[in-house]
Every structure is written in C-alpha cells, then in structure tokens.
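Subject: Structure handover

Hello,

Here is the structure we talked about. Please look at it first, then read the notes below it.

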Amino acid sequence: MITRLAASPSPLRDDVPRTPDPDLLRQLADGEIGALGELYDRYREPIRSFVARATCDAEDVDDLVHSIFLAAAKSAGRYDGRPSCRPWLIGIAAQLLRRRRQSFGRFLAVLSSLRDVRATAADPRPALQARSDVERALGRISAAKRITLLMAEVEGLSCAEIAAALGVPIGTVWTRLHAARRELRRALEEGDKS
Amino acid sequence: VSATPCHRLFEAEAMRDGRLTGAERARFERHVAGCPACSIEVRALEALAESLRAEFPDHAVADEVRARRERTRLMAAFDRALLAPEQSRNVRHWLLWPAAVSALVVAILLVLPRVRRPAEPPTHPLSAVVHADSTSVWSERRDGDREKVVLERGALWIHVNHSSGEGRLLVVLPDGELEDIGTTFTVSADDGQTTRVAVQEGHVVLRIRGQAAIALGPGDTWIPDPRPVASARASAPAADPAPSARLDALERSTQPTLPPSPRVASPTASDSSVDFRAAMAALDIGDNHQAAAGFATFLAKHPHDPRAEDAAYLRVIALQRSGDSAGMKRAAVEYLRRYPAGFRQAEVESLSR
C-alpha cells in the first residue's frame, strides 16, 4: 500500500478493506506517508477526471492532480471529518484551479502587453483539443462557470459546499450555474446547427 | 418539441440548485406534473447534467503505468516536503560555514602567537559508569569519538551521562554490539553470546550478527530467541553469578516486566500507529536519536506493517540528521536488504555508500 510499489497490489484496485476517510486523513496529518498513497489510490481517478473536465484536458492535468494531493496532505489536519473526503478534495482542486486561472490570466496579460494585443480570458487550447460536442461546448464557457457547473452536476456538491470551496457567496454560485447552463445549451444548439 | 412558455420556468433551475425547499418545492413539483413547459425544462436540465457526467471518460484509468509513475512522483514530493524544513536549515548552516571558518582562522592567527597554553589533558566527551559483577570479563577503549566497552562474559550495569558530551558508547558483545542512546541498562553475555539486555532508561540499539537491529526502550528486556523465556529466566542467575548490589537491585526491578514469551517486551501497548506516530513526533521535533530508535522499535515490533518500509527509510533519515553516519549507513544497508526494490531504493543506495 504505502511504498512497495513493486510488490503491492495495483493502486487502482478497489477490493481491499478501506480505512475510513477521516482516519486516513488523521494518519496523513500525523505525517504517515502511506496514508497519502492510499488517499491517492482511492481518489486519483475522480479527482483527475474532475481536473481534466475543468481544464478541458489541459496538458498539466497530472501536475494539478499532484498539487491537489500535496495540498490535501498539508491541510489534512483541518479535515472536517465527513465520511467521504471526495468533496473536500474537489474543493481543494477548485481552489487550485482558480489560482492557476488567475496566474494564467496574469501571464496572458503580460504577454498581451508585450505584444500589444488584447488578452483573451479563455485559454485557446481547449477549443483545439475538444473531442466531443459537450467537451467543445464546455471549453467555450469561462473556467469559473465551468468549474462551478462540474462541481454541481458531476460531483454532486450542494451550492453551499461549492460556495465554501470557492470562497464566493452562494448567490455567485447560483448565478454562475445559471449562466453556465445557458451558455452550454446555446453552444450545444449552435453545434447542432453547424 | 414546443411548449407554451410558463412564467414559473425559472423555478426548474431553482429547484435543481436547492433554492426551492419544503413547501415551495412541493408546490413546484405539483406544478411540473401539469405543465409541459416546466416538465420539459426539468428533463432538459437533467439531460444536460447526464451529458456532462457521461463525457470525459477517464482515459487515464486504464493507464496503470502512468498512474504508478504519478503516484511515485507524488510520494517523492511528499518526502521532500516532509524533509524540507531540515534541509533548509542545513542549507542555512552551509551558508554560515564560510563566515564561521573565516572568523575561526582570524581568531587563531590573532591569539596563537601570544598564548602558549600548557598541554591540555585529553577530553572525555562521554561520562559513563559501569558496574560489573565479580565474574565479568570486560575492558574499555576509545575509538575516535566513541567509547567502547568490550564485554566477553558476565553482566554489566551501565549508566551513560550524555549531558557531559556528545560522544557515544558502544558495547561490543561476543556476537554483536549494543549502541547506547542516552541510557541506563544492563547487559549480560555468556558462552560467546549475549544472554540478556534490560533497559531502565533511554534507548539502546542491539545488533546481533545475522539479525535485524532491535531498538529497546525503557522497560524493554531482550533475551535470545532459541531459549524459552522460562529457561532464560532460570539461566539469568547463572549468567550473572555475583552481580554487584546495584546490579542485583536493578535486575530484580526488571524481572516483573518480563513477558511470557515475546522476544522484545514493552510495558506499553504494541499499537503500530502509536509507535509510528511517536517516532514521527520525535522526528518532527528534531529528536533524531529518539526518532531513529522509535523507527527501529517499530520495525522490530511490526515488521509486516504497511508502514514498515517508511519506517526503515525514515530511520535512515533520522540517523543522517543526527550525524551518525555509520549508523545511517547500517540502516541504509538494512533498508536495502529488506526492500531491494523499495520505493526509496535509489536514494537509500546513495546514502549507504
């Protein structure tokens, strides 16, 4: 489980007895390295999937996932004890994605000032890499709305949980969800017409 | 499909987002049942969510090699983060070195020509008291910064006062060695082998040739494997035919702590997590000797625990931090012996050289 990668079962296997998430987080807070490995084995897939959707499968998905688990290790002592820590990890992911977005925005602003062109808020790569109608449509809405929508509709987080995770008022979450759905539906309709 | 617009259409989304609760929600649900437009809207919102959930099948799931690689990377990063404070302190120490060396050289150049000091007696960085029984055959010698007590047979009661210096004491046994880590303990040997070790205070690490190192803490008593405990108890007086009065008293005081059978007995509960956390806590506060002993204890008590490899690795790190390079190398070799394909094999291999 912890470190004997060569001899341990596949980290993706799901049929081993599980330590409850709160206990696992407690062990992690105590500095037990193995707990991080177990947490990773348990939640890598959903977290990676969330990050891939939120970033439209950006090139740095694995780096982001990596950062999410390290951030989780750092703040494990503050875990609130919910039976499943998936929403908590999703919250961490959302915060890291927001920081990444802000950094990326600043980077684009610097680039645009150097080249005397107007910065665009959206990363152009997702549109190029989109592989399906929904993915393409998702790539066309802003990252903030996209992440909020995914947290609600895919991860099943309540609006209050999303607001807490993102550090925004719940009204902002409702607004983003409404706008995201509207834009997504419009984008899908346009895709159908074209 | 077309439907007549409804002024309550927006409530479909409000219900989905949890903005409608209780009676409001119940009323809207009743309305949906009879309103084609709202019914379509509710289904459309659900279909949108379904399409989102159905998209992006995790294409990395099947890529186990990639998952393993990322896992390895994560664990290595966590290790680095775990060790970072110590490393940064070390970096700061390195930055201070040039200034310290320069100041020392200047001081020597200024002071040396003016002062002719009488030769100072050799310092003894370690203060140890050894009580031996009348039949014991033992000697002492100094090897670098390490005091060595060589026990051929008999029983010794040893108290080491580490507050007087930084030196270490090693008890050389007929079949191994016993390393002291700030301690009061008794050790007995007979017929070319160690017959008993009992620790009253502090910690020792016992290394019997051909066996894994064993850390012993306060109250721990070690007797060799082949002898049943009952016979070991019975043979104790034979091994210690005439110990000193103090030795007798200590031996008697440790007798009740002897367990019925385990090789290493501790009065504390053998909860693996407790042991591991205790060692981690020592490592966290910089008590590296204690941490190394704690991890050794953990390994001895819980060799099959999933954290055993971590403990073996962290023991190496604790010894490295404590400045015990010889102990670190031995721990590194022990790690590699136990985990030849271990997660930290490459790093430990470099430390073992």
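**What was found**

Chain A has nine helices and zero strands, where helices (H or I, at least four residues) and strands (E, at least two) are DSSP runs, numbered from the N terminus. From the N terminus on, the elements of chain A run α-α-α-α-α-α-α-α-α.

Some notes on the conventions come next. This is a predicted model, in which local features need pLDDT of at least 70 and side-chain atom pairs count only at pLDDT 80 or more, while totals for chains, interfaces and linings use all residues. Residues are numbered from 1 along each chain as its sequence is written, chains are lettered from A and ligands numbered from 1 in the order in which they are written, and side-chain values use heavy atoms, with hydrogens and water left out.

**Confidence**

The model scores ipTM 0.70 and pTM 0.45. Chain A averages a pLDDT of 77; pLDDT is the predictor's confidence in each residue, from 0 to 100. In chain A, 75% of the residues score at least 70. Confidence in chain A is highest in helix α7, at a mean of 91, and lowest in helix α5 (residues 125–129), at 44.

Two stretches of chain A should be read with this in mind. Over residues 1–16 of chain A, pLDDT stays under 50, and the model has 37 contacts beyond four places in sequence for them; contact means heavy atoms within 4.5 Å. Over residues 116–130 of chain A, pLDDT also stays under 50, with 19 contacts beyond four places in sequence.

For chain B the mean pLDDT is 71, and 66% of the residues reach 70 or more. Here, too, there are stretches where pLDDT stays under 50: residues 58–62 of chain B, with eleven contacts beyond four places in sequence, and residues 227–270 of chain B, with 74 such contacts.

**Chain A**

Of the 194 residues in chain A, 53% are buried. Buried means under 20% relative accessible area, exposed means over 50%, and partly exposed is in between (1.4 Å probe, protein chains only). Chain A exposes about 9,100 Å², and carbon and sulfur atoms supply 53% of that area; accessible areas come from the Shrake-Rupley method with a 1.4 Å probe, and for residues only the protein chains shown count as cover. Among the contacts in chain A with a separation of 6 or more, 64% are between residues 24 or more positions apart.

One residue to look up is Ala187(A), in helix α9 (residues 170–193) of chain A. Is Ala187(A) buried or partly exposed? Ala187(A) counts as buried because its relative accessibility is 8%. Not counting residues up to four places away in sequence, Ala187(A) touches Ala137(A) and Arg140(A). Ala187(A) and Ile141(A) are 46 residues apart in sequence, and their C-alpha atoms are 8.8 Å apart in space.

**Chain B**

Chain B has eleven helices and nine strands. It has 353 residues, of which 45% count as buried. Residues 24 or more positions apart make up 52% of the contacts in chain B with a separation of 6 or more.

Two loop residues of chain B can be set side by side. Asp175(B) sits in the loop between β4 (168–173) and β5 (176–190) of chain B. With a relative accessible area of 13%, Asp175(B) is buried. Leaving aside neighbours within four places in sequence, the contacts of Asp175(B) include Gly192(B), Thr194(B) and Arg207(B). Ile208(B) is also in contact with Asp175(B); the two are 33 residues apart along the chain, with 5.9 Å between their C-alpha atoms.

Pro218(B) is in the loop between β7 (214–216) and β8 (221–222) of chain B. Its relative accessibility is 43%, so Pro218(B) counts as partly exposed. Pro218(B) and Thr184(B) are 34 residues apart in sequence and 8.8 Å apart in space, C-alpha to C-alpha.

**Where the chains meet**

Which residues of α7(A) meet α3(B)? They are Leu149(A), Leu150(A) and Glu153(A), and on the side of α3(B) they meet Ala49(B), Leu52(B) and Arg53(B). By class, this contact of α7(A) with α3(B) has four nonpolar, no polar and two charged residues. Ala, Val, Leu, Ile, Met, Phe, Trp, Tyr, Cys and Pro count as nonpolar, Asp, Glu, Lys and Arg as charged, and the others, Gly among them, as polar.

The axes of α7 (residues 143–153) of chain A and α3 (residues 36–54) of chain B come within 10 Å and cross at roughly 95°. Axes are lines fitted to C-alpha atoms, for helices over the stretch in contact, and angles run from 0 to 180 degrees between N-to-C directions. The helices α7(A) and α3(B) are therefore roughly perpendicular to each other; angles under 35 degrees count as roughly parallel, over 145 as roughly antiparallel, 65 to 115 as roughly perpendicular and the rest as oblique.

Regards
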